Structure formats: C-alpha cells, structure tokens
Amino acid sequence: MPTKALIFDIQDLSVQDGPGIRTTVFMKGCPLKCKWCSNPEGQKPYPELMHIHSLCKKSQNCIKACPYNAVSISDSDGFPNFNRNICKDCQTRECVDSCPTRAIKFVGRYLSLEELIKKVKPNISFYKNSGGGVTFSGGEPFLQTEFIKEFINETLSFGLSVGIETCGMFDWSEVRNIAGEFDFFYFDLKCMDNDIHKSVTGSTNEKILTNLKNLAELYSEKITVSIPVIPDVNESDFQVKSIAEFCKQIGIKKIRLLPYHSLGESKYSDLGREYTMNKDLAVSTNRLNEYKSLIESYGIKCWVE
C-alpha cells in the first residue's frame, strides 16, 4: 500500500520557498513548539479542529449538530467552546457542515502519493521554465521521510527540483540515505545557547547542531541556514556571532535572516491555544542590516527576507 502523508496545506505558484516557481507542500507534525511559530496548525501530528473567530456569527448550530456533546457556549464571550480531546477523534465532523459562515474546519488531511503527483504534474512546465520545483515544508517534513522518499523515486523521470525546509530535529539515520536527492536545504538555526533554545522551543539543540554538521560534511553547498531573528531570544550581536562562527566552522556558505512577526497570532486562539509572544516586538531594519554585515564578515553570504 503506497505511503500517505499528513499535510495541512499545499501552495502552488510559490516564490518564497526556494528558487523559481514552486509548489510547497506543508507537512503536519513538528517535534519543536517554537513560541513564535507562524504555522501552529502544523505542529500536532494529527488533524485538528480550527474555529475561526473572525468568521463566527455565534449561530450555535455546531452545538446542535455535534453528536458527542463536545461543544458548549462560553459564558464570557458567547463563542462556542470545543472539547478538542473529543474533537481530534471525531469522524463525522458534522459541526463543519452545520456552520453557515464556514468558521469551523479541520486542518490536516492524509494525501496519497498518487494525489500529490497528480497535483504537481500540471505545473511541470512552470517549474522547468523558472528553475523551480517542489519544496517540502512544515511542520517538520522529515518526520514523514518515507513519503518524501517515495515521491522522489516516483518523479525522477519528471526532472523535478526538490527542496526541503527543516527545523533540524530529525533522525539522521533516516535522512542520510536520501539527502543527496535534494537540490537545497533551508535549515533553521534558532540559537546556540542550549538553555534558551529549550525554553522557547521545548527541546534542546544538540541533535539539531549534530544534524547540521553531518549534513554540511556531505552537502554544505546545498544548505542555507535560516535564522528567525527573535527579540529576547537571539537578537544580539553575541547570539548572531555565535551562529556565524559555528556555520563558518562547518563550512556553511549561506545564511538568510527572517525577521520576527506576529502574523500567525490569530491562529492560536482559533486552535484553542495561547499565543505567549509579545506581538509588539519588532526588529528594526537597521539591526537586521547590522547582523547581515556581521555574518558577512565571516565570509558567509547573507540576506534578509
């Protein structure tokens, strides 16, 4: 039986996730829980209910429709409350069909290999003419390595460029044998301080640093390290310098800086979670350019996105 992948989005005609025109496949499930994550719907490794507050007109249809009594009305604001432990195992999803404003949806669906290939085939001419292809993102795509491996094997005749965006927390023994099939890696590196890393992502960074080092020993020219510049986490000359020194040591030649933003904040309440970052935090253009110059002083190409 062909492998299926759990995905939460597919974006065609993307120009942000690698060279040329690309299709970006967002795979669901991530071992990190970064406080600033702009795609929190990609963190949990199962389909989950999202209630979009901005669309909700408080019709209460969802209460009547739910056969599991998993929906109630909040006393504070009148919005429906969902028992998400029950919702995650729901097979009927009658609340979705009952909502007149489409304020309820489940994010995450299982996609077969054949379905994804059918999805990308019509875009092959766009990929080839622009130097683009397919990028696997997430979440963490290397949690579903077998699916990616099968996709690459089945599309070899297409001549596709395949890239990957990874948080770096993966099993090297599973990735090592297929790493050579990718045209590029966007590899996230938050900070070198292990304690800070654990406090803001939920995990230490030893495995991430080891994976980056192992990957760089084989394919350093394919790697772009992505640094999300986060106030109170890594926004300092010392933190940026530490990352640049490590990258220089292992042969990384490209770094991109991703300035902090709070554009994903509303998704947290829609998922029944709390956004714990200060949305008013910002990194100035001047500071980003200073970090860019600092990194370039190590002989590493650097740009701000």
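The model is a predicted one, so local features need pLDDT of at least 70 and side-chain atom pairs count only at pLDDT 80 or more, while totals for chains, interfaces and linings use all residues. Residue numbers start from 1 along each chain as its sequence is written, and side-chain values rest on heavy atoms, with hydrogens and water left out.

Start with the sheet. Nine strands make up an open sheet with mixed pairing, in the order β7-β1-β2-β8-β9-β10-β11-β12-β13; two strands pair if DSSP finds at least two bridges between them. At the edges sit β7 (109–112) and β13 (301–304), each pairing on one side only. On average, neighbouring strands of this sheet are turned by 30° against each other, direction ignored. Axes are lines fitted to C-alpha atoms (for helices, over the stretch in contact), and angles run from 0 to 180 degrees between N-to-C directions. Helix α4 (residues 113–120) packs on the sheet and touches β1, β2 (22–27), β7 and β8, its direction making about 75° with that of β7. Contact means heavy atoms within 4.5 Å.

Now for β2 and its partners. β2 pairs with β1 in the antiparallel sense over five bridges, and Ile-10 stands opposite Val-25 in β2. β2 and β8 run parallel and are joined by six bridges, with Val-25 opposite Phe-136 in β8. The pairing of β8 with β9 is also parallel, over four bridges, and there Phe-136 stands opposite Ile-164 in β9. Buried means under 20% relative accessible area, exposed over 50%, and partly exposed in between (1.4 Å probe, protein chains only). Six of the six residues of β2 are buried, so this strand is largely enclosed by the rest of the structure. Both of its faces are covered, with Arg-22, Thr-24 and Phe-26 buried on one side and Thr-23, Val-25 and Met-27 buried on the other.

Next, the largest pocket, which holds about 1300 Å³ of space. Its lining has 45 residues, and the closest to the pocket centre are Phe-26, Ser-38, Asn-39, Ser-137 and Gly-138. A pocket is an open set of points on a 1 Å grid over the protein atoms alone, where a 1.4 Å probe fits, with protein on both sides within 12 Å along at least five of seven lines; lining residues have an atom within 4 Å of a point. Grid points are joined across faces, edges and corners, and the volume is the space filled by probe spheres set on the points. β1 gives the largest share of the lining, six residues. Strands that each supply at least two lining residues include β8 (133–138) and β9 (161–166).

A few backbone details remain. The peptide bond from Gly-138 to Gly-139 is cis, with omega near 10°, and Gly-139 falls in the loop between β8 and α6 (145–154). Asn-69, though not a glycine, has a positive phi of about 55°; this residue sits in the loop between α1 (61–65) and β4 (71–73) and is exposed, at 71% relative accessible area. Arg-102 likewise has a positive phi of about 55° without being a glycine. Arg-102 belongs to the loop between α3 and β6 and counts as exposed at 53% relative accessibility.
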